[in-house]
Amino acid sequence: MLPSAADLLRWYDRHRRTLPWRALPGQSADPYRVWLSEIMLQQTTVTAVIPYFERFVDAFPDVNALARAPQDQVMTMWAGLGYYARARNLHACARAVAARGGVFPDTVAGLLELPGIGAYTAAAIAAIAFGRPVVPVDGNVERVTARLFALTDPLPGARKAIARQAMTLNADAPAQGRPSDFAQALFDLGAGICTPRAPACALCPWRDACAGNRQGIAATLPRRAAKVARPVRYGVHFCMMDAAGGMLLVRRPEKGLLGGMMGLPGPVWRDTPWTEGEAMEHAPDAPRLRAKWHGTGQVKHVFTHFTLLVDVYAAQISAFPNSIAGQGGEVNYAGEEAVALPSLMRKCVALARASHVFD
């Protein structure tokens with residue numbers, strides 16, 4: 001038995017979240033704000049995204065303004081949100097839309113042709129911004145679906161089966177008549193009622209239709225395969241400053257983690273720890289520099305697929321020689337807050353500063 005879309009929409013009309021990218025009742029959704037929020041929300045919580053979203057729309061009020069902005073400005077404003085390929089794709093997508101006259105495609109197929117937009121994001125924008133009757137399946141919708149139909153096969157293997165079942169949720173007329181609200185109602189149900197731990201089943205508008213609730217297993221779903229231990233990788237980064245407060249930074253390669261971002265110099269991360277002797281072979285150098293490096297400790301940073309342990313070395317010099325920046329490097333005098341430093345690099349700089357090497 002499919003749950004009643006009318007019941008969910010009545011609940012949503014009373015309890016919908018107020019979010020800065022969400023249109024108010026009776027208003028039309030702004031495709032730019034919907035798109036921007038969906039890109040930011042990938043792998044990131046609503047609470048974390050809201051201040052970034054508000055700063056972005058203040059700086060770039062529409063897609064054409066974002067398209068005109070220099071990439072470094074976009075990356076600087078993104079710094080701290082993580083998954084930096086999203087920011088590069090965001091800028092590329094804005095330029096592609098601007099080339100279309102600033103108008104987003106209004107179908108799933110059209111949206112999928114834009115940079116950085118995958119199947120979920122295309123469905124979310126199509127449903128919310130353009131009223132297309134599709135069900136975007138994010139983590140919230142996946143969890144709601146698994147519980148509604150008591151789907152007990154573990155993730156990630158069950159993901160496709162859960163998505164197929166989720167696509168049936170909007171089959172009745174009320175959902176087809178309000179596709180934008182229905183998609184957002186599913187998100188709100190998962191975020192506020194059908195939560196990962198201790199779901200509030202007594203308050204759920206779909207409680208009577210929920211097989212997981214009837215069987216007493218809702219809170220255990222969706223089940224997950226046993227976690228594989230996250231591997232550990234090792235890095236070395238060097239924080240060098242001169243007497244005027246300038247810091248040596250380099251731009252990371254465009255491809256790979258933290259691609260295109262500014263960061264501290266250092267070798268490619270690897271699977272084995274670094275000895276101090278090995279690390280010093282990669283320290284920034286120049287003729288007659290004679291920098292004295294101090295080990296300041298280790299930074300731990302957790303990525304999705306591995307944990308990174310970084311040994312941080314710091315050195316202060318009187319002044320930077322012209323030759324030291326090298327390819328893709330620069331000496332920054334504006335302070336790290338003015339540069340698009342990812343959170344890993346901010347941790348490394350903070351550790352180096354705490355060592356009092358620069359006092």
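Biologist: Why is Arg17 called partly exposed?

Modeller: Its relative accessible area is 27%. Buried means under 20%, exposed over 50%, and partly exposed lies in between (1.4 Å probe, protein chains only). So Arg17 counts as partly exposed. This is a predicted model: local features need pLDDT of at least 70, side-chain atom pairs count only at pLDDT 80 or more, and totals for chains, interfaces and linings use all residues. Residues are numbered from 1 along each chain as its sequence is written, and side-chain values use heavy atoms, without hydrogens and water.

Biologist: What makes Arg17 and Asp188 a salt bridge?

Modeller: The rule asks for a side-chain nitrogen of Lys or Arg within 4 Å of a carboxyl oxygen of Asp or Glu. Here the closest N and O atoms are 2.7 Å apart. Arg17 lies in the loop between α1 (5–15) and α2, and Asp188 in helix α12 (residues 179–192), so the pair ties together parts 171 residues apart in sequence.

Biologist: Is Asp188 buried or exposed?

Modeller: Buried, because its relative accessibility is 3%. Asp188 also forms a salt bridge with Arg22, at 2.8 Å from N to O. Arg22 is buried too, at 9%.

Biologist: Why are α2 and α8 called roughly antiparallel?

Modeller: Helix α2 (residues 31–41) and helix α8 (residues 119–130) pack at about 150°. Angles under 35 degrees count as roughly parallel, over 145 as roughly antiparallel, 65 to 115 as roughly perpendicular, and the rest as oblique. So α2 is roughly antiparallel to α8. Their axes are 9 Å apart.

Conventions: Axes fitted to C-alpha atoms, helices over the stretch in contact; angles between N-to-C directions. Helix = DSSP H or I, 4+ residues; strand = E, 2+ residues; numbered from the N terminus.
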